[in-house]
Amino acid sequence: MEGFGVGSVLLTGCDGGLGLGLLKGLLEQPSPPLHLFAACLDPQGKAINEVALGCPNVMVLPLDVTDPNSIKEAVGKVREEVGSAGLNLLINNASTTRRSTLTTETAENMTLVYTTNTIGPLQTSQAFLPLLKEAAEAEGQRGMSCSRAAIVNISSILGSIEAAEAWEERQDVCYRCSKAALNMLTKCLALEYGGSGILCVSVDPGCVTPPFGRGMGPVTVEESVRGVLRLLARLSATSNGTFWDWRGQSLPW
């Protein structure tokens with residue numbers, strides 16, 4: 001199958017799990033990104049540096065999506081590398097959770113999880129908008145696609161209000177609400193940024209890594225990554241402001 005080709009990608013949450021898996025998957029494409037920014041909380045982490053070793057197209061960036069100053073510094077470093085070509089793809093993957101039930105949920109949990117899962121992607125998308133616009137306006141770019149200019153928010157089926165899946169298995173109210181709010185953010189971004197040629201979608205990667213559970217879920221990281229990258233390669237203007245799973249199936253809000 002033909003691979004997913006994109007010039008520049010910034011991927012948050014690369015410290016481990018799905019983020020690290022997506023980093024590996026992008027590097028394994030027939031034509032890997034010319035610029036791959038692996039954003040993480042610990043840029044000295046062993047796992048991420050093992051993946052980045054020997055890959056001159058990978059820049060490991062310190063990035064805390066809850067800290068506006070950290071985001072601003074990351075934008076500056078990305079601009080130094082991509083110049084006027086801009087940033088083609090922003091994948092908001094950084095995420096957290098606190099296990100809870102409706103009875104035990106707290107304001108502290110809600111605030112902590114919302115700050116990373118919802119406010120983080122908002123702040124990051126706002127900050128990288130100028131670079132995304134530059135990529136969208138680059139010569140020869142037509143039609144909406146993840147190769148041109150896009151924001152992909154890594155969400156969860158647990159954030160689907162209509163589906164409301166797995167309530168008996170895990171209530172995790174703070175996580176569900178944060179991902180439902182992230183999905184609304186995706187729709188807002190699509191409405192506002194779509195006119196600039198920037199594609200915005202939510203993607204559920206499946207039950208693969210923490211915070212989705214202890215150990216392996218029913219989907220391996222490798223399976224999820226292959227599916228997500230296949231999906232990103234085929235998204236177009238008709239996909240703007242929509243919600244998908246790793247298998248390429250449309251999900252209800």
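Asp172 sits in the loop that joins strand S5 (150–154) to helix H5 (173–193), where helices (H or I, at least four residues) and strands (E, at least two) are DSSP runs numbered from the N terminus. The structure is a predicted model, in which local features need pLDDT of at least 70 and side-chain atom pairs count only at pLDDT 80 or more, while totals for chains, interfaces and linings use all residues. Residues are numbered from 1 along each chain as its sequence is written, and side-chain values use heavy atoms, with hydrogens and water left out.

The backbone of Asp172 deserves a look: its phi is near 35°, a positive value in a residue other than glycine. Asp172 counts as buried, with a relative accessibility of 1%; buried means under 20% relative accessible area, exposed over 50%, and partly exposed in between (1.4 Å probe, protein chains only). The loop between S5 and H5 also holds Ile157, which counts as buried at 13% relative accessibility. Leaving aside neighbours within four places in sequence, Ile157 is in contact with Ala163, Glu165, Asp204, Phe243 and Leu251, contact meaning heavy atoms within 4.5 Å. From Ile157 to Arg176 the C-alpha to C-alpha distance is 8.6 Å, and the two are 19 residues apart in sequence.

One aromatic pair is present in the structure. The ring centres of Phe243 and Trp253 are 5.5 Å apart and the ring planes stand at 15°, so the pair is stacked. Under the criteria used, rings of Phe, Tyr and Trp (its six-membered ring) pair if their centres lie within 6.5 Å, and planes under 30 degrees apart count as stacked, over 60 as edge-to-face and the rest as tilted. Because Phe243 belongs to strand S7 (residues 242–245) and Trp253 to the segment after S7, the pair ties together parts that are 10 residues apart in sequence. Phe243 is buried, at a relative accessible area of 1%, whereas Trp253 is partly exposed at 32%.

The axes of helix H3 (residues 68–82) and helix H4 (residues 107–136) come within 9 Å and cross at roughly 15°. That angle makes H3 roughly parallel to H4. Here axes are lines fitted to C-alpha atoms, for helices over the stretch in contact, and angles run from 0 to 180 degrees between N-to-C directions; angles under 35 degrees count as roughly parallel, over 145 as roughly antiparallel, 65 to 115 as roughly perpendicular and the rest as oblique. On the H3 side, the residues that meet H4 include Ile71, Val75 and Val78, and their partners in H4 include Ala127, Phe128 and Leu131. By class, this contact of H3 with H4 has 10 nonpolar, two polar and two charged residues.

Val78 of H3 counts as buried at 0% relative accessibility. Beyond neighbours within four places in sequence, Val78 is in contact with Leu10, Phe37, Leu61, Leu87, Phe128 and Leu131. Val78 and Pro121, 43 residues apart in sequence, have their C-alpha atoms 17 Å apart in space.

A further packed pair is formed by helix H1 (residues 17–27) and helix H6 (residues 221–234), at an angle of about 60° and with axes 9 Å apart. H1 is therefore oblique to H6. Among the residues of H1 that meet H6 are Gly17, Gly21 and Gly25, and the H6 side includes Val221, Ser224 and Val228.

How values were computed: Nonpolar A, V, L, I, M, F, W, Y, C, P; charged D, E, K, R; others polar.
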